[in-house]
Amino acid sequence: MNNSSIIFLMICAFTFVPLFLAEVARRKSRPTGADFFLQSRKMGLFPMYATVFATWMSAFAFMGAISYFYEEGPVYMTTVGWDALFAILFYFVGRRIWYYGKINNYTTPADFFHDIYGSRALDLLVTGITFLFTMLYIQLQMVGGLFLIQIATNGFISWRVSGVIFFAVLIIYLWAGGLRAVAMTDIFYGALIIVTIFIAGIFLIKIGGGMEEIYTALMNGDTSHISLSGKNSGERTALWLCLFVIVPVGAFMGPQMWIRNYAAKSEKNFEALPFLLVLSSVIFIGTLLAGSAGVILEPHTDNPDALLADLVLKSGHPILTAVIFLGITAAIFSTANSQIHAIATIYAVDIHKKYINRNIPERSLVTVAKWTVLVISVLSYILLMVIPKSIFDMAIFATGGTAQLIVPVIGALLWKRSSAKGAIAGILAGVISFLGLAEVSGTDTSVCAAAGLFANAVIFIWVSLYTGNSTETGFKIGAYREAFSRRRKKSK
């Protein structure tokens, strides 16, 4: 049996697992919006950790990380810092979003903004940003894996066929169980991602002659591959600082993470979750090893994003090759399923219910969300025709957009003088500055996103101070803060 046939059979076996879990989720599900969108707000610690981790570990974190190590050296290892900030955001911001969502019955990010700021224009802006940049991130997942499946099977499974398989499986289990199905399958995907990232790193180091030989060769060659500062220390320092902020903040502000915050069963989830997320950073040892070995094994390549696939196909056993490719596929599924579910939720709650049918029954709203899953999946498949140059750059572009929401969120949680006009002006200034700089300056995407975030904060504060907020907004910010503080004191 040739390699392509083995990989094909293992892919078939792989697709059975989420379908089985979908049936389990379907039997536990109830035909309510609260259950489909938020798992009835009863997600326990371990399922929450698994789905947050698996969503965080996208194709960007798998293949994009390895290609970035290959091109830029260990600056990506600072992702341990990103994980720490990501975890801190859950502890300090996520638990507040959870509490506000619980007492006010929020479902989407726009619900949070509408309740506190009371602006329809801001609601539409937030919905538009989350929708647009999340769709962009979904394309990253597709680009990150479907073409590699075509490579792995020597064209036996084209990217078009694998795309149909991918979306068919995803639609079935999202349709069957909503967020519960996502969380259950993410446990499986997360475990597979961890195993395959380590296997990939160890395997490539081994075929390169071992740890000592690989790093001796790196030290005798271009030292930028083993030095955080590299040849342009000033530029890399700025790059690291910007990546440190933009990637975790942008991911945390994605609608899929808002939904996970709302879905948490207890505030205790947010006490243990940060520790588990930081502990999970150990998996990036695998990407460090794989990227470093790639520099020696394949000094010149026209497509760094396909580096792992090329090396594994060239030197790996068919079964090992299949396992690693399934890990890549798991990374795609684990993020795309959450994002498509989040977009379907946003459409059903923020658009369909508010602007198309205000009196829609709850069961019918769930049906609308399910059909939206299908529509978004078809649209995403069509958009695959437009393929970007770099997985890494595309990921930073997507997270740079959603990161702009953090400024009015912090304002709504902590500053009584925050205003809707300030939030609108700040977000617009941030997004326009980010996109404008990215288009004309030639500066790294993360630096442009960070500049946009700075402009956002300055404009938000200035406009809020100048225009003032409504009495109701200031009252809610203060009242919610005090209620949260009293709850924290009682729990101690």
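**Exercise 1. How do the axes of α5 and α12 cross, and at roughly what angle?**

Solution. This is a predicted model.
- Take helix α5 (residues 79-104) and helix α12 (residues 269-279): their axes come within 8 Å.
- The axes cross at roughly 165°.
- Angles over 145 degrees count as roughly antiparallel, so α5 is roughly antiparallel to α12.
- For handedness, α5 passes α12 in a right-handed crossing.

**Exercise 2. Which residues of α5 and α12 meet?**

Solution. 
- From α5 come Asp83, Ala84, Phe86, Ala87, Phe90, Tyr91, Gly94, Arg95 and Trp98.
- From α12 come Phe270, Glu271, Leu273, Pro274, Leu277 and Val278.

**Exercise 3. Which residues have the most contacts inside the largest nonpolar core?**

Solution. 
- The largest nonpolar core has 134 residues.
- Helix α8 (residues 159-207) gives the largest share, 21 residues.
- Phe90 and Phe112 have the most contacts inside this core.
- Phe90 also belongs to the α5 side of the contact with α12.
- Now list the partners of Phe112, leaving aside neighbours within four places in sequence: Tyr100, Tyr106, Trp258, Tyr262, Val409, Ala412 and Leu413.

**Exercise 4. How many residues of helix α11 are buried?**

Solution. 
- Helix α11 covers residues 255-263.
- Apply the cut-off: buried means under 20% relative accessible area.
- Pro255, Gln256, Met257, Trp258, Ile259, Arg260, Asn261, Tyr262 and Ala263 are buried.
- That is nine of the nine residues, so α11 is largely enclosed by the rest of the structure.
- Trp258 and Tyr262 of this set are in contact with Phe112.

**Exercise 5. Which residues does Thr32 touch, not counting residues up to four places away in sequence?**

Solution. 
- Locate Thr32 in the loop between α1 (3-28) and α2 (33-38).
- Its relative accessible area is 23%, so Thr32 is partly exposed.
- Thr32 touches Glu362 and Val366.
- Glu362 lies 330 residues away along the chain, yet the two C-alpha atoms are separated by 6.2 Å.

**Exercise 6. Which phi values do Gln39 and Ser40 have, and is each residue buried or exposed?**

Solution. 
- Gln39 sits in the loop between α2 and α3 (45-56), and Ser40 is found in that loop too.
- Phi of Gln39 is near 50°, a positive value in a residue other than glycine.
- Ser40 is not a glycine either, and its phi is about 55°.
- Gln39 has 10% relative accessibility, so Gln39 counts as buried.
- Ser40 has 13%, so Ser40 counts as buried.

How values were computed
Residues numbered from 1 in each chain as written. Predicted model: local features only at pLDDT ≥ 70, side-chain atom pairs only at ≥ 80, totals over all residues. Heavy atoms only, no water. Axes fitted to C-alpha atoms, helices over the stretch in contact; angles between N-to-C directions. Helix = DSSP H or I, 4+ residues; strand = E, 2+ residues; numbered from the N terminus. Parallel < 35°, antiparallel > 145°, perpendicular 65-115°, else oblique. Left-handed = near helix turned anticlockwise from the far one by under 90°. Contact = heavy atoms within 4.5 Å. Core = buried A, V, L, I, M, F, W, Y, C linked by side-chain atoms within 4.5 Å. Buried < 20%, exposed > 50% of the residue type's maximum accessible area, 1.4 Å probe, protein only.
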